[in-house]
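Subject: Structure for your review

Dear colleague,

Please find below the structure that I am handing over to you.

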Amino acid sequence: MAKAKTTYTSRTVVLPQDNIDTDQIIPARFLTTTTKEGLGKVAFYDWRYDSDGNLRDDSPLDGFVKSEFSILVAGANFGCGSSREHAPWALSDFGFSAVISSDIADIFKSNALKNGLLPIVVDKKAHRELLKSPGCDVSIDLEDQIIKFGDGWTCIFEVEPFGRRCLLDGVDPLGYLLDRMPQIQKFEEARS
Amino acid sequence: MQPQSLFEKLWHDHVVVDETAESPAVLFIDLHLVHEVTSPQAFSVLKERKLSVRRPDLTLATLDHSTPTLPKGSDGKYQFASPEAEKQVRKLTQNCRDFNIRLLDQEDPRRGIVHVVGPELGATQPGKTIVCGDSHTSTHGAFGALAFGIGTTEVGHVLATQCVLQRKPKSMRIHFDGVLGKGVSAKDMALAMIAKIGADGGQGFAIEFSGSAVRALSMEGRMTLCNMSIEAGARFGMIAPDKTTFSWLEGRDLVPRGSAWKKAVSKWSTLNSDDGATFDKELRIDASVITPMITYGVSPDAAAPADGEAPTAETETERAASAYMGINQGEHFSSNSVDRVFIGSCTNSRLSDLREAAKIMRGRKVKEGVVALVVPGSEAVRRSAEAENLHIAFEEAGAEWRLPGCSMCIAMNGDKGEPGELVVSTSNRNFVGRQGKGVRTVLASPATAAASAIAGKITDPREYLTEAGGQ
Ligand code: SF4
């Protein structure tokens with residue numbers, strides 16, 4: 001895995017709904033793909049396109065320069081439901097580098113970290129503030145695990161230490177597991 | 001020795017490398033279940049990195065998600081929803097061939113939904129760690145296994161190393177006391193539990209279900225309950241194995257026989273929470289007051305008794321859900337007419353589920369204008385159901401009897417509802433668009449779904465169980 005940045009600075013896109021499930025992030029009919037690439041165009045498909053496949057005027061995820069808005073702020077229990085890793089693949093490909101919520105579903109969190117999409121859980125107060133200020137400037141420091149907001153206040157967060165190290169130091173989890181093969185073999189022998 | 005919970009016993013038994021502050025535990029996996037949707041990218045990684053599947057003997061693949069449930073057409077071919085769906089099925093077939101993995105393919109008499117066939121074959125056993133690239137892997141916890149859903153990257157990890165990196169979750173125990181009433185099932189227990197703790201109430205926890213009402217459940221009911229633990233946010237749901245578990249498993253294809261069976265049972269009998277075991281959270285639910293439940297929103301915790309009405313929406317999220325569902329507050333649920341009924345999915349497609357549904361449908365007719373689909377969970381379920389003539393009860397009532405698969409649970413294979421339709425479904429997710437774009441899903445038990453098909457509106461099944469002719 002290539003090393004990630006330590007600081008992510010961007011404006012926010014806000015989706016205030018609670019319980020945004022992975023079926024919303026990428027509907028099941030797009031899961032017939034056998035690769036990871038290009039899923040950004042179907043991210044939040046049913047939220048962004050009308051029944052004729054045209055981009056909706058009121059799409060909350062379009063109509064701005066994507067490179068300036070790479071941080072998603074979402075309601076509680078984000079990423080619940082299906083374990084599909086297609087969800088973080090789609091969000092990353094769409095242009096997001098981090099998602100912030102008060103509460104992120106376990107499997108999504110784990111999948112996101114493995115794909116360089118930072119899942120960031122903040123306290124309820126910071127969450128409320130972020131939900132209230134779409135488009136605000138945010139700077140996420142992964143090294144110090146602190147978020148700085150444009151108007152000067154800050155908030156700390158915690159990312160699972162191993163996942164964080166994988167991102168910061170470019171550690172490859174599969175390589176890490178393969179390096180433990182002697183222990184794995186010993187474990188197997190002891191059980192058989 | 002310190003009293004241990006079932007979860008702790010299962011966990012410690014599989015730790016290859018202990019968890020530290022810096023790194024998660026390396027956990028050995030005894031059974032890896034694979035299906036067509038979440039595996040292709042994992043196999044690609046293996047190919048890119050020139051790795052083999054480390055333990056094909058502990059890996060089992062099946063076709064279910066994108067797989068058609070209609071028989072072959074006149075051209076002798078299955079009709080796939082799209083060329084991509086067909087390609088995905090072919091890809092898994094090829095990957096299994098390349099990596100020497102046993103695949104239950106479309107012609108295999110043991111094929112079915114991954115969480116139905118694992119137990120049926122006896123591949124699922126107490127004491128095992130079981131993973132699958134599917135969040136409902138918690139189903140297998142019903143046997144006293146440590147079973148959880150993983151992402152595709154982790155599918156690759158397990159294929160290559162037979163291990164996953166996993167942090168130990170917190171523990172929760174939920175006791176269900178009392179005796180379930182007539183017409184009330186494990187599905188209703190699950191929905192009542194999720195309504196109580198919330199769709200994120202189990203986040204970060206491994207849940208053990210216990211208590212007299214859980215002990216009284218059949219294995220199939222236990223699977224339904226554990227299946228739905230992920231809808232409360234918990235990756236792991238489990239029940240200590242007992243006589244019910246052992247007699248259900250005995251004689252199945254992949255379980256040990258003879259003296260090895262006896263040895264296994266005596267080991268499995270130690271898999272329970274010791275007296276004095278502690279949990280991060282404990283909860284009691286009185287099962288005797290649970291009545292048939294349905295969902296009225298777009299999150300599984302929006303559940304309420306079927307013979308009641310929707311509560312007032314209070315938050316922005318609830319108001320949006322209410323607007324989408326079009327289920328009016330202050331009006332009895334039965335004022336909502338039903339367009340489609342789906343009986344199936346890894347939650348409720350086993351033989352006992354189909355029997356419950358047939359009990360209500362037999363000798364009655366599905367309401368005109370309602371489309372009802374009954375999809376068995378596996379070929380084995382299909383054969384058993386047909387041997388009991390359940391399919392005739394369904395077909396005579398006007399329901400369609402299909403081939404096994406996930407079908408309308410995820411609506412990937414072409415089986416789906418139309419925009420705006422209200423679908424009463426025995427599956428597990430009522431998310432917006434889960435059963436087809438714009439479809440409004442109401443989750444329910446097989447009995448409630450069958451009763452709703454007959455009445456053509458959301459219906460408490462007990463109405464049919466007390467009538468003459470019912471039962
Ligand atoms: S039946 Fe539904 S929940 Fe179960 S494995 Fe299939 S798609 Fe997933």
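What percentage of the 471 residues of chain B count as buried? The share is 65%. Please bear in mind that this is a predicted model.

Overall form of chain B. Its secondary structure consists of 16 helices and 19 strands. Along the principal axes, the C-alpha atoms of chain B fill a box of roughly 60 × 55 × 50 Å. The radius of gyration of chain B is 21 Å, which agrees with the value near 23 Å that a compact globule of 471 residues would have. Among the contacts in chain B with a separation of 6 or more, 75% are between residues 24 or more positions apart.

Surface and charge of chain B. The accessible surface comes to about 16,300 Å², and 49% of this belongs to carbon and sulfur atoms.

Salt bridges. Over all chains, the count comes to 38 salt bridges. Several of them are described here.

One salt bridge joins Asp23(A) and Arg434(B), with 2.9 Å between the closest N and O atoms. This pair crosses between chains: Asp23(A) belongs to helix H1 (residues 22-25) of chain A, while Arg434(B) sits in the loop between strand S18 (422-425) and strand S19 (440-443) of chain B. Are these two residues buried or exposed? Asp23(A) has a relative accessibility of 4%, so this residue counts as buried. Arg434(B) also has a relative accessible area of 4% and is therefore buried. The cut-off applied here is under 20% relative accessible area.

A second example lies within chain B, where Arg90(B) and Glu86(B) form a salt bridge with an N to O distance of 3.6 Å. Both residues are in helix H3 (residues 83-99) of chain B, and they are 4 residues apart, about one turn of the helix. Arg90(B) has a relative accessible area of 53% and is exposed, whereas Glu86(B), at 29%, is partly exposed.

Finally, a network of salt bridges links Glu188(A), Arg54(B), Arg55(B) and Asp57(B).

Yours sincerely

Note on methods
Residues numbered from 1 in each chain as written. Chains lettered and ligands numbered in written order. Predicted model: local features only at pLDDT ≥ 70, side-chain atom pairs only at ≥ 80, totals over all residues. Heavy atoms only, no water. Salt bridge = Lys/Arg side-chain N within 4 Å of Asp/Glu carboxyl O. Helix = DSSP H or I, 4+ residues; strand = E, 2+ residues; numbered from the N terminus. Buried < 20%, exposed > 50% of the residue type's maximum accessible area, 1.4 Å probe, protein only. Rg over C-alpha atoms; globule rule 2.2 N^0.38 Å. Contact = heavy atoms within 4.5 Å. Areas by Shrake-Rupley, 256 points an atom, 1.4 Å probe, with all protein chains shown as cover.
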